[in-house]
Amino acid sequence: MSELAILGGSKTRTQPYPEWPVWDQRDIDAVTEVIRSGHWGGFPYPGPKTAELARKFAELQGGGYAVPMANGTVTMEVACRAAEVGWGDEVIVPAYTFQATAAAPMAAGAIPVIVDIDRNTYCIDPKTIEKALTPKTKAIIPVHLGHQMADMDAIMALAEKHDLIVIEDCAHAHGAKWNEQGAGTIGHFGSFSLQSSKTLTTGEGGILLCRTPELAAKAASIIDCGRPHALGGGPEDKSMDFQIGGNYRLSEIAAALALVGIERFPAQANQREEMAAYIDESLSEIQGVRVLKRDLRHTTRSFYRYMFAIDPEDFGVERDVLCAALDAEGVGCWVGYEAMHNYALFQPRKSRLAVPSAFPEYFKFEEMNLPEATRACEHEAVWLDEAIFRCGPEGVDDAVAAIKKIRKNAKELTEAEQKLREQ
Ligand SMILES: Cc1ncc(COP(=O)(O)O)c(C=O)c1O
């Protein structure tokens, strides 16, 4: 009988990891209060809960003018539009991210230019940004991926030199800090998602942090059907002109949930940080595992999920096989995103979207050479569920024990997998 759960052995972890999102009576009370108030939606913008959320979220991240909105995709579209990045402008995005990072600038009419990542951090590589710059480049969207942060010093230096807008995609970076400065407050904008899987969630929602009160007023107007708003994204200012906008407002019910989430957030973030330091150390002892480099300027880490890399040859199994085996051991994990140039989504004939149809020369994915993103996506990256950090050292110990067990039985697992493939 095999030791491995995937081959019929017993599971390393028999207890399920804790569920997400966590909630208690405070969430029920907060939602009940909004229901009783009759002010459910986001109009007039900003409602009392939304205004409070804007204030408290900017405080949490340590700066900026926060404009809560429908999700963490429109945040980036709105950022482009507020900064007047639009039709035919080039926006540099990393190859390793969720599709929203490239879809959002396209929704604003801009062209995503996909560049490679840094092998050590899995975030956008500033050297590849520099190579991709053209006179049409107007913005960069670095993504702070998983539990990492992009090199914001190098990115801001490039942006200043070439007069570019920086929109930090912080969908995974609530609470993170670079040189003690909050993620999302370093660039011109910080885009946050509050979708169900995120470490601060309302089910669905997003927040755009803007560097200036003027940009926040523009963003508030764009998400409130074009109604003019006061500086900082405050109430409607009828003395000003309308602009083109849509309804991307956050509901008051969602804002109330986010406010309770913010109360819980600091304790959760501390626990994740503590347990992550512990897992870094434990994983670094396993042959074939590479713990991603921690940049010392990344002073506070946040953990949407915890990423590590394997060398499949040294570890003894392919990455996809490791993930399947880990799941079977009771340790939730994920193989991560596909490399952006492999997404069928943006191919002109398939999507029929305006930008790829008008600029097909930017979407020749088969000609793109993105070796680091390809290696991470197809062979190396393992994303452990954040839940392993929420039950103390014992949760991490189980995850590490499962990885060690798979490593020890790698030969048997690979042989079984090969047999299955031949059938
Ligand atoms: C890196 C990244 N950017 C943007 C988004 C988009 O956020 P939302 O789902 O709230 O639109 C996500 C969501 O999963 C994400 O992971």
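## Ligand, rings and backbone: worked exercises

A backbone N or O atom of glycine 72 lies 2.8 Å from an oxygen atom of the ligand. The model is predicted, so local features need pLDDT of at least 70 and side-chain atom pairs pLDDT 80 or more, while totals for chains, interfaces and linings use all residues. Residues are numbered from 1 along each chain as its sequence is written, and side-chain values use heavy atoms, with hydrogens and water left out.

### The ligand site

**Task.** Find which residues come nearest to the ligand, and state how much of the ligand the protein buries.

**Solution.**
Step 1. A residue is near a molecule or strand if one of its heavy atoms lies within 4 Å of it. Around the ligand there are 17 residues, and those that come nearest are Gly72, Thr73, Asp169, Ser193 and Lys198.

Step 2. Sort the shell by class: it holds 6 nonpolar, 9 polar and 2 charged residues. Ala, Val, Leu, Ile, Met, Phe, Trp, Tyr, Cys and Pro count as nonpolar, Asp, Glu, Lys and Arg as charged, and the others, Gly among them, as polar.

Step 3. Look for polar contacts. These are pairs of N or O atoms within 3.5 Å; within protein, one must be able to donate a hydrogen and the other to accept it, and residues adjacent in sequence count only if both atoms are side-chain atoms. Threonine 73 has a polar side-chain atom 2.5 Å from an oxygen atom of the ligand. Aspartate 169 places a polar side-chain atom 2.7 Å from a ligand nitrogen atom.

Step 4. The ligand taken alone exposes 390 Å², of which the protein buries 92%. Such areas come from the Shrake-Rupley method with a 1.4 Å probe; for residues, only the protein chains shown count as cover.

### Aromatic pairs

**Task.** Explain why the pair of tyrosine 96 and tyrosine 122 is given its class, and do likewise for tryptophan 334 and tyrosine 337.

**Solution.**
Step 1. Rings of Phe, Tyr and Trp (its six-membered ring) pair if their centres lie within 6.5 Å; planes under 30 degrees apart count as stacked, over 60 as edge-to-face and the rest as tilted. The whole structure has 13 aromatic pairs.

Step 2. The ring centres of tyrosine 96 and tyrosine 122 are 5.7 Å apart and the planes stand at 80 degrees, so the pair is edge-to-face.

Step 3. Locate the partners, using helices (H or I, at least four residues) and strands (E, at least two), which are DSSP runs numbered from the N terminus. Tyrosine 96 is in the loop between strand S2 (90–94) and helix H4 (100–107), and tyrosine 122 in the loop between strand S3 (111–115) and helix H5 (126–132); the pair links distant parts of the chain, 26 residues apart.

Step 4. For tryptophan 334 and tyrosine 337 the centres are 4.9 Å apart and the planes at 85 degrees, so this pair is edge-to-face.

Step 5. Ring pairs join Tyr96, Phe98, Tyr122, Trp334, Tyr337 and Trp383 into a cluster.

### Buried or exposed?

**Task.** Decide whether tyrosine 96, tryptophan 334 and glutamate 84 are buried, partly exposed or exposed.

**Solution.**
Step 1. Buried means under 20% relative accessible area, exposed over 50%, and partly exposed in between (1.4 Å probe, protein chains only).

Step 2. Tyrosine 96 has 1%, so this residue is buried. Tryptophan 334 has 27% and therefore counts as partly exposed.

Step 3. Glutamate 84, at 62%, is exposed. Glutamate 84 sits in the loop between helix H3 (74–82) and S2.

### Backbone features

**Task.** Locate the prolines that follow a cis peptide bond at tryptophan 20 and tyrosine 45, then name a residue other than glycine with positive phi.

**Solution.**
Step 1. Tryptophan 20 and proline 21 are joined by a cis peptide bond with omega about 0 degrees. Proline 21 is in the segment before helix H1 (25–37).

Step 2. The bond from tyrosine 45 to proline 46 is cis, with omega near -10 degrees. Proline 46 belongs to the loop between H1 and helix H2 (48–61).

Step 3. Glutamate 84 has phi near 60 degrees, a positive value in a residue other than glycine.
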